[in-house]
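Look at the sequence and the structure below, and follow the chain from its strands to its helices.

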Amino acid sequence: MKPVSIQNMTMSFGPLTVLPEVSFDVAAGECFGLVGESGSGKSTILRCASLLLDKWTGHVSIGGKPVREMSAAERCRTLQMVFQDPYGSLHPRHSVRTVLSEPLKIHKFDDHARRMQQAMIDVGLPVAFLDRYPHQMSGGQRQRVAIARALIVEPDVLFLDEPTSALDVSVQAEIINLLVRLRAEKGFTYIMVSHDLAVIDHMCDRFAVMKRGEIVEILPREAIVGNQATHPYARELIGASLTYENAL
């Protein structure tokens, strides 16, 4: 369980600045959400903070240590990411056993069989699924495997990049409840990107509303009900979500 601090993160693609000095802090064990329209920079923050993109300026630290000062091995042990598309993030020709054994080999863990079995149990999959391939599983099952891969190196922080948006509605609640349970059991710190305020309301303690790369307002989860935002765009975003939910 470690805090995350992002200060003055600035990212540009050529002449276009997509993140202009973004700053926020996430407490140890907190689930912090990033919401906003497509292209607002939500996923770019996660990719920069994890150094999947490295041409940015600013400061990111986990547990007080700058991510740029961590070795690749230390960073991967500290921070893991769960991506939006579980089929795209899993190799189609690798079995679940291979998917889970590779990080254990890279980070020199012992007792691989026990750790893989426990990871499957943690995400609610039968141990027999270790010998299945991605095409033999449903979207929800594949996302559980992707979560197991992130868990198996015992990180402190998970970045969740719209982890349910590629799934059927009937499966989304299962994955959200799984993530809530894992955070309660293991004390993870989460930063979660989502366009769905219902997901944010269920999972997050606080959330930031983004527009064109900027954070316009940071709010507690309770601000969603009754639309307690003060920034006009944040009020518009929450209002649109509440109107849609009431129409269902």
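The model is predicted. Its open sheet is built from four strands, placed in the order 2-1-4-5, and the pairing between them is antiparallel. Strand 2 (16-26) and strand 5 (65-66) are found at the edges. Each of these has a single partner strand, so one side of each is left without a neighbour in the sheet. Strands of a sheet pair through backbone hydrogen bonds, and the pairing can be parallel or antiparallel.

Strand 1 covers residues 4-13 and strand 4 covers residues 56-62; the two run antiparallel and are joined by six bridges. Which residue in strand 4 is the bridge partner of T10? The partner is T57.

Next come the helices. Helix 1, made of residues 42-49, lies across strand 1, strand 2 and strand 4. The direction of helix 1 is at about 110° to strand 1.

Two other helices pack against each other. Helix 4 (residues 96-106) and helix 6 (residues 139-151) have axes 9 Å apart and meet at an angle of about 20°. Angles under 35 degrees count as roughly parallel, and helix 4 and helix 6 are therefore roughly parallel to each other. Their crossing is right-handed. Helix 4 contributes V96, V99 and L100 to the contact, while helix 6 contributes V145, A148 and R149. Sorted by class, the residues in this contact of helix 4 with helix 6 are five nonpolar and one charged, with no polar residues.

Technical notes:
Residues numbered from 1 in each chain as written. Predicted model: local features only at pLDDT ≥ 70, side-chain atom pairs only at ≥ 80, totals over all residues. Heavy atoms only, no water. Pairing = 2+ DSSP bridges. Contact = heavy atoms within 4.5 Å. Axes fitted to C-alpha atoms, helices over the stretch in contact; angles between N-to-C directions. Parallel < 35°, antiparallel > 145°, perpendicular 65-115°, else oblique. Left-handed = near helix turned anticlockwise from the far one by under 90°. Nonpolar A, V, L, I, M, F, W, Y, C, P; charged D, E, K, R; others polar.
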